[in-house]
Amino acid sequence: MSSLIAAPERRGTEALSPSFAVSRSLPNLGSRLLLPALLLYSGFLFFYGLTKAELYRTENLRAIIAADYLRSGNWIVPKLYGEPLFTKPPGMYVAIALSSLPHGRVTELTARLPSALAATITVLLFYWCFRRSFGRRAGFVAALILPASLMWLDKVPTAEIDALQTAWVAGAIVCLLRALEAEETSEVRASRAVSAWWLASLLCVAGGVLTKWTAPAFFYGAVIPLLAWRGQLHLLWSRQHLLSAAIAGGLCCIWIAAAVTQTGWDVFYDTVSREALQRLSRSHHEEAMQAMQMHEHLPAWADVLIHPVRIFAANLPWSAFALLALRPSFLRRWDAKGKLLLQAFHCWVWPNVIFWSVIPEHAVRHSFPLFPGVAGLAAMVWIDWLQLVPIQTPVARFTPAPGRAAVALAVLMCAWLVTKIVFVEAVIPARNPNRAPHAKGAELAAVVPEGEMLYLFHLKDEGIMFYYGRPVQRLAGPDELPATADGLYCILDEPEWRQWNPARPAQALLHLQDEQGAPIVLVRVGSS
């Protein structure tokens, strides 16, 4: 027992020698090699498999709207089949369109590239944040841990919004931490730094808002508890915060004003308010589920209790280590910089877990921006085990020896790289192999003459329509089809084809199945 008590005390002395901690905890890569090694690691995790399979599920929705940006030249209003779609702001669509500009069209590569780049930026932010507080090797460990969990495996790289929104939220919180550090000094130059970091933080929030509406909830859900914990709530009324928030809010309002000018206030407000109410109001959420003919199998109270468990599972294996950071004695082990970082990660995670569990929308992927907080807590535990920083308060407890901890971390990282290979080579190709949206889109393009508009009504299959690769227009019903003697081309689902009005003759040209296996029919409609 005496040796257990003495070990932390010796560690505090030994950690004053960087060479000792390095030799005991991590392979001697050399400081200059850590960042290149991290870039190689990120490149493998995020860019390997970019083009392994066709776009999947809502990836197609993001890609088809970005493709409309390129065709139309209108990058203000997201449109799906000619109709404004404000369920999400334009950030991800713009990012995909920008990455597709050199190629001239949206592809699997260019659609997924923003996600891979955003994930890489988030990893580098983590490295920078931990490096400032604890040194390069601590930053390297934290950055290794961040993307090595189940949800990151599934969502990066994809053409989904989650990684980009997470990068914005992470950037906002990291910049906020720099502002708080600068607040603690009284120099004139530090005052300028406070203003600059507050502005950078809120500009990241604005980027998050323009990517997905929920970004401010994650940011302030972390910042308000953090400032309250540190007795600094008054900073929310500081000139730096209010001015930065006004600038960031102004940028968002500029886009809203431009979008409303093109579509009208009613269209914008109806979509955004409906989207918000479905996530914040249980009655509206249940109505939306019924409209989509979906039923939740769990009562509301059970779903609230299970959601944190789902978040825990999605962040394995690091969520198990993050729980060890909850002990009060763990907080006392750190210096001022370490305490600030640990407090920030706690506030990043637990208030947001509670909030996103209580509201009726419980999809785990919607909580993705809080996942770096979980990884941060786990990283603090591993940095402690690896003895990369000196302790402040010796506490008797059982911990793995630094050498064993380093071996365990190396094994986990190697296992994760193998998991990535298996996921790309085996899991991705096995997902719905009969969907074949590329082949079906090519079949449509071979039948519909070049330059002809393709019309649809209630069909929902963005995968086939994206790979069709030409303009598609949605109408409320067949009565809205333009009158023409040359004939029109429509894609119908089975009920629409069975109930077709014979007053306007239609000839079936092609019978297909959508990505879910339901029958769809391409028809040529004559004049009435």
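Mentor: Before we start, a definition: Ala, Val, Leu, Ile, Met, Phe, Trp, Tyr, Cys and Pro count as nonpolar, Asp, Glu, Lys and Arg as charged, and the others, Gly among them, as polar. Keep in mind, too, that this is a predicted model.

Trainee: Thanks! How do the residues lining the second largest pocket divide by class?

Mentor: That pocket holds about 550 Å³ of space, and 26 residues line it, with A67, R71, F466, G469 and R470 nearest its centre. Sorted by class, the lining has six charged, seven polar and 13 nonpolar residues.

Trainee: Which element gives the most to that lining?

Mentor: The elements that give two or more residues are β1 (79-80), β4 (472-474), α22 (462-468) and α4 (59-72). With seven residues, the one that gives the most to the lining of the second largest pocket is α4.

Trainee: What volume does the largest cavity have?

Mentor: The structure holds two cavities of 30 Å³ or more. Helices α6 (108-134), α9 (162-183) and α18 (336-358) each supply at least two residues to the lining of the largest one. Its volume is about 70 Å³.

Trainee: And how many charged residues line the second largest cavity?

Mentor: Its lining consists of L45, F46, P147, W152, L153, V156, W416 and K420. By class, seven are nonpolar and none is polar, and the number of charged residues is one.

Trainee: Is C175 buried or exposed?

Mentor: The structure has zero disulfides; for C175, the nearest cysteine sulfur belongs to C204, 4.8 Å away. Buried means under 20% relative accessible area. Because C175 has a relative accessibility of 10%, it counts as buried.

Notes:
Residues numbered from 1 in each chain as written. Predicted model: local features only at pLDDT ≥ 70, side-chain atom pairs only at ≥ 80, totals over all residues. Heavy atoms only, no water. Disulfide = S-S within 2.5 Å. Buried < 20%, exposed > 50% of the residue type's maximum accessible area, 1.4 Å probe, protein only. 1 Å grid on protein atoms, 1.4 Å probe; cavity = no way out; pocket = protein on both sides within 12 Å on 5 of 7 lines; lining within 4 Å. Points joined across faces, edges and corners; volume = space filled by probe spheres on them. Helix = DSSP H or I, 4+ residues; strand = E, 2+ residues; numbered from the N terminus.
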